[in-house]
Amino acid sequence: MKFHPDTTYYFGVRAMKTVDGKDYYSDWNYFSHKTPDEAPGSTAPQKPSAPENVRTIATGENKAAITWDSVPEATGYQIRMYKDSAYKEVIGQYSFKQTFFNGINSVEGETYHYGIRAVKSVGGQEIYSDWVHFSYTFKKGSSDDLNIQEKH
């Protein structure tokens with residue numbers, strides 16, 4: 001339900017309890033709520049920009065890191081690991097304040113699938129950028145520019 005500014009809404013609520021298969025109800029309690037006026041020219045907070053220039057770096061024998069450029073309005077970042085390139089089944093999720101994800105255990109020749117998005121906190125609420133999905137194949141001693149597959 002979408003609430004509109006400067007509008008009064010009326011509600012009724014009552015409790016229900018089932019005992020031995022029979023439903024018992026309390027009396028109705030009625031109340032109203034008026035939504036606040038919307039300030040002239042106010043708009044919903046803008047979502048942050050999506051991270052850019054995502055790169056992978058081999059950092060050790062079987063370790064990798066993901067780095068990206070800082071998003072100026074971001075207060076943090078989320079990274080998801082996915083089962084495959086369909087980017088549907090999440091197998092891990094992490095939150096960071098920094099612009100790198102370090103120490104990823106990797107196997108030579110294996111392909112890994114990730115998503116990253118920026119997070120911005122506004123008035124105690126988190127607002128998210130679009131996801132940037134990408135895949136990479138681990139190669140020892142390599143640093144790869146990633147082809148960004150999609151933003152959504």
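Is D130 buried, partly exposed or exposed? At 28% relative accessibility, D130 is partly exposed; in this talk, buried means under 20% relative accessible area, exposed means over 50%, and partly exposed lies in between (1.4 Å probe, protein chains only).

Colleagues, a word on the source. The model is a predicted one, in which local features need pLDDT of at least 70 and side-chain atom pairs count only at pLDDT 80 or more, while totals for chains, interfaces and linings use all residues. Residues are numbered from 1 along each chain as its sequence is written, and side-chain values use heavy atoms, with hydrogens and water left out.

Let me begin with the overall fold. The chain holds 14 strands and zero helices. Both kinds of element are DSSP runs numbered from the N terminus, with at least four residues for helices (H or I) and at least two for strands (E). Of the 152 residues in the chain, 31% are buried.

I return now to D130. Which residue meets its side chain in a salt bridge? The partner is K47, at 2.6 Å from N to O. A salt bridge here requires a side-chain nitrogen of Lys or Arg within 4 Å of a carboxyl oxygen of Asp or Glu. D130 lies in the loop between β11 (125-128) and β12 (132-137), and K47 in the loop between β4 (29-34) and β5 (55-60), so the pair ties together parts that are 83 residues apart in sequence. K47 is partly exposed, at 44% relative accessibility.

The structure holds two salt bridges. E89 and K83 also meet through their side chains in a salt bridge, at 3.9 Å from N to O. E89 counts as partly exposed because its relative accessibility is 44%, whereas K83, with a relative accessible area of 53%, is exposed.

Where is H113 placed? This histidine is in strand β10, residues 111-122. Its relative accessibility is 12%, so H113 counts as buried. Leaving aside neighbours within four places in sequence, H113 is in contact with several residues, among them K83, Y87, F134 and S135. With S135 there is also a polar contact between the two side chains, at 2.6 Å. By polar contact I mean a pair of N or O atoms within 3.5 Å; within protein, one must be able to donate a hydrogen and the other to accept it, and residues adjacent in sequence count only if both atoms are side-chain atoms.

Y87, one of those contacts of H113, deserves a remark of its own. Y87 is in the loop between β7 (76-82) and β8 (90-96). Its phi is near 55°, a positive value in a residue other than glycine. With a relative accessible area of 5%, Y87 is buried.

D20 has a positive phi as well, near 50°. D20 sits in the turn of a hairpin formed by β2 and β3, with two residues between the strands. Strands β2 (residues 16-19) and β3 (residues 22-25) run antiparallel and are joined by four bridges; two strands count as paired if DSSP finds at least two bridges between them. M16 has Y25 as its bridge partner in β3.

Finally, the aromatic residues. How many aromatic pairs does the structure hold? There are ten. Rings of Phe, Tyr and Trp (its six-membered ring) pair if their centres lie within 6.5 Å; planes under 30 degrees apart count as stacked, over 60 as edge-to-face and the rest as tilted. W68 and Y77 have ring centres 5.4 Å apart and planes at 65°, so this pair is edge-to-face. W68 is buried at 4% relative accessibility, and Y77 is buried with a relative accessible area of 3%. Y94 and F101 form a tilted pair, 5.1 Å centre to centre with 35° between the planes. Y94 is partly exposed at 35%, whereas F101 is buried at 9%. Both belong to one aromatic cluster, together with F96, Y112, Y114, F134 and Y136.

Definitions and conventions:
Contact means heavy atoms within 4.5 Å.
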